[in-house]
Amino acid sequence: GELVIGLDATFAPMGFKDEAGNIVGVDIELATAVCEKLGVKAVFQPISWDAKEMELETKRIDCIWNGMSITDERKEKMELSNPYLNNKIIVMTNQGVNVASKEDLKNYNVATQAKSSALEVIENDPSYDSFKDKVTLYPTYDEIILDMKTGRIDVMIVDQVLGKYKNSKLGDEALEVAGFDFGDDMYAIGFRKGDVKLVEAVNEALAEVIDSGEGEEISTKWFGENMFIKG
């Protein structure tokens, strides 16, 4: 009667604790809607992200649902759902800054978060050498946005889910999104090896929630647009 969902409760806006200590976010609302379709209760269990595979194997949780990227390693260690969101690594600029290609980045002051997935992606991109001298690393994206407001930084490279979420809060000061990106980063739900029937049931309910328009309502609430992939 329950689906115990493991998550890192610090990953806004996918799953995190609000000021009152409640676990909220995109994946929280999506998982709750999917569990309603399945006729089970969604139980959210904060875990150490580094120990997520062990949490699955020891059956402390039934799945991992928290903005988890599909990788070859995870395909080997888990059963994965169908992808439900494409978290591209995007380029966001101050209003009026025209960055048409990766090659243009060498002309601007660029920032991203230290030890982030965005940094890992750009460091592995063939174009990185052309603009790496213009890149400044910050502890948080909030600090980058503050320096963009002062004009110290022109361009931010960021996960789409976080960038769109931050932009939805900026109102008239919203950043612009460049017409190119650094590639796809598909999100999926992770299950124990062998739990194929559970994966199939979740995939079916997930597609139903997204295709019905209920998913679009959730996504628009957090991102200002629909970022879910139709089944």
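This is a short talk on the fold of one protein, seen in a predicted model.

Two housekeeping points. Residues are numbered from 1 along each chain as its sequence is written, and side-chain values use heavy atoms, with hydrogens and water left out. In this predicted model, local features need pLDDT of at least 70 and side-chain atom pairs count only at pLDDT 80 or more, while totals for chains, interfaces and linings use all residues.

Let's start with the whole protein. The secondary structure comes to nine helices and 14 strands. Helices (H or I, at least four residues) and strands (E, at least two) are DSSP runs, numbered from the N terminus. The radius of gyration is 18 Å, close to the 17 Å that the globule rule gives for 231 residues, so the protein is as compact as a globular protein of that length. That radius is taken over C-alpha atoms, and the rule is 2.2 Å times the number of residues to the power 0.38. Along its principal axes, the C-alpha trace spans about 55 × 35 × 35 Å.

How much of the protein is buried? Of its 231 residues, 48% count as buried. Buried means under 20% relative accessible area, exposed over 50%, and partly exposed in between (1.4 Å probe, protein chains only).

Next, contacts, meaning heavy atoms within 4.5 Å. Take the contacts with a separation of 6 or more: residues 24 or more positions apart account for 74% of them.

Now some sheet pairing. Strands of a sheet pair through backbone hydrogen bonds, either parallel or antiparallel. Here, two strands pair if DSSP finds at least two bridges between them. β2 and β3 (residues 15–17) pair over two bridges. Phe11 has Gly15 in β3 as its bridge partner.

For parallel pairing, look at β10 (residues 110–113). With β11, strand β10 pairs in the parallel sense over four bridges. With β12 (residues 155–159), strand β10 also pairs in the parallel sense, over two bridges. Follow Ala111: it stands opposite Thr136 in β11, and in β12 the bridge partner of Ala111 is Met156.

On to a helix. Is α7 mostly covered or mostly open? Helix α7 (residues 160–168) is mostly covered, with seven of its nine residues buried. Among them are Val161, Leu162, Lys164 and Tyr165.

First stop, Glu55. Glu55 sits in helix α2 (residues 52–57). Glu55 is buried, at a relative accessible area of 8%. Beyond its neighbours within four places in sequence, Glu55 is in contact with Ile47, Arg60 and Ile61.

Next stop, Pro139. Find Pro139 in the loop between β11 (135–138) and α6 (141–150). Pro139 is exposed, with a relative accessible area of 55%. Ala114 is 25 residues away along the chain, yet the C-alpha atoms of Pro139 and Ala114 are separated by 5.8 Å.

Last stop, Val40. Val40 lies in the loop between α1 (26–38) and β5 (41–46). Val40 counts as partly exposed, at 26% relative accessibility. Which residues does Val40 touch, not counting those up to four places away in sequence? They are Gly1, Glu2, Leu3 and Cys35. Val40 and Gly1 are 39 residues apart in sequence, but 4.8 Å apart in space, C-alpha to C-alpha.
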